[in-house]
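Please show me the structure, and we will go through how to read a few of its features.

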Amino acid sequence: MWIYRVVLVSFEPLHQKTSHLEGLRAAFGDRLRRDVSLARYTTARVGGPAEIFLEVRSADELALAVILIWQSGEPLLVLGGGSNVLVSDRGVRGVVLLNRARRVRFTQTSQPPVVWAESGAGFGLIARQAASRGLSGLEWAVGIPGSVGGAVFGNAGAHGTDIAGQLVVADILQRVRSGQEVMPNREEWPVERLEYSYRNSVLKRNPGQVFVLAAVMRLTRSTPEQVQARTDELTSYRRRTQPPGASMGSMFKNPPGDYAGRLIDAAGLKGRRIGDAQISTLHGNFFVNNGRASSADIYSLIELARGAVADKFGINLELEIELVGEW
Ligand code: EPU
């Protein structure tokens, strides 16, 4: 475990930003870019520009960049797979870090076998690599477009299971406050410390304070044929029930005892369009971008669905995705 000591700098107006970001500029040079459109980094293919944008390529680079941004007092957003966020059309103030820390290492000789992955690694890809090695436990994740970090952050899941069941430890960078000072602290958190519940975690409840750098997940020995058969079954269910194309996956969490998709369907909203955004004709909880949708179009559909389900069934749907940027 290592500890840095950082003095919190209060927020300053835009024209003073350059000096605040000197540390980041010294470390990353012209890899820092300005006004980069985020649409191509989100699975919904919408979103305005990041004021300042940096792609990090390892967990250590991610940790360094986060600490320097904390020091600068600038707002910070870390983007992984971009699959569970709706970025506003007006974009994101401050710094957006694109997490491309993607190293993955399987240890098959340990008991149980495990996979260690940096947080920018694609979760679906790891699940496919596990399947080809005959390692079971992540079949449900094949086809999930998000990153390991996003999955650990939001307790991603499918087919009645989630990452809480597989995670052993997460390598976490935390911002610990003590009076006016902030101490970044990097340590391994066992799964219990993440306080997981359905699509929720202590990380999700403390946005901006805690970041996932890497994670270790537990697997079970099986055979490639068996794991592949289960993977194929789940993939074919997903293909039958979920639309292809640009979306954010499930828009709302399922309310206790029911399904957001069923409720939106029963409210008669499947196929409803606003601009180029549409509630999928296949699944009511998927909102698709037919090509030129804006975030505002998608947001209007969210309000429409929420309002209709509240009026008809008295249920308040809670977003599963995160709204980021200037709304
Ligand atoms: N249903 C309808 N109409 C619809 C959609 C669904 O009646 O338009 C009914 C289905 O017939 C089924 C029930 O609602 O009886 C549940 O639907 P489904 O099996 O498609 O699962 P879900 O609860 O909508 C969850 C996860 C998905 C995951 C699938 C498959 C949530 C919010 N969503 O969807 O996760 O892929 O199960 O396991 O928990 C995600 O989180 O982004 C995600 C895609």
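Q: What should the 19 residues of helix 8 (residues 295-313) span at 1.5 Å a residue, and how far apart are its end C-alpha atoms?
A: Helices (H or I, at least four residues) and strands (E, at least two) are DSSP runs, numbered from the N terminus. The expected span of a helix is 1.5 Å times one less than its number of residues. For helix 8 that gives 27 Å, and its end C-alpha atoms are 27 Å apart, which agrees. This is a predicted model, in which local features need pLDDT of at least 70, side-chain atom pairs count only at pLDDT 80 or more, and totals for chains, interfaces and linings use all residues. Residues are numbered from 1 along each chain as its sequence is written, and side-chain values use heavy atoms, with hydrogens and water left out.

Q: Which residues of helix 8 are buried?
A: Buried means under 20% relative accessible area, exposed over 50%, and partly exposed in between (1.4 Å probe, protein chains only). In helix 8 the buried residues are S295, D297, I298, L301, I302, A305, A308 and V309. Seen down the helix axis, they fall within an arc of 160° (taken from the directions from the axis to the C-beta atoms), so they line one face of helix 8.

Q: Which residues have the most contacts inside the largest nonpolar core?
A: In soluble globular proteins, nonpolar side chains tend to be buried together. A nonpolar core is a set of buried Ala, Val, Leu, Ile, Met, Phe, Trp, Tyr and Cys residues joined through side-chain atoms within 4.5 Å. Here the largest one has 35 residues, and F123, W140, V148, V152, L167 and L203 have the most contacts inside it. A second, separate core of 24 residues includes A44, I279, I302 and A308.

Q: How many salt bridges are there?
A: Side chains of opposite charge can pair when their charged atoms come close. A salt bridge is a side-chain nitrogen of Lys or Arg within 4 Å of a carboxyl oxygen of Asp or Glu. The count comes to 14.

Q: Which parts of the chain does the pair of R186 and D60 link?
A: The closest N and O atoms of R186 and D60 are 2.9 Å apart. R186 is in strand 14 (residues 181-190) and D60 in helix 3 (residues 59-72), 126 residues apart. R186 counts as buried, at 12% relative accessibility.

Q: Where do E318 and K253 lie?
A: These two form a salt bridge, E318 with K253, at 3.1 Å between the closest N and O atoms. E318 is in the loop between helix 8 and strand 20 (322-324), and K253 in the loop between helix 6 (224-241) and helix 7. E318 counts as partly exposed at 46% relative accessibility, whereas K253 is buried at 9%.
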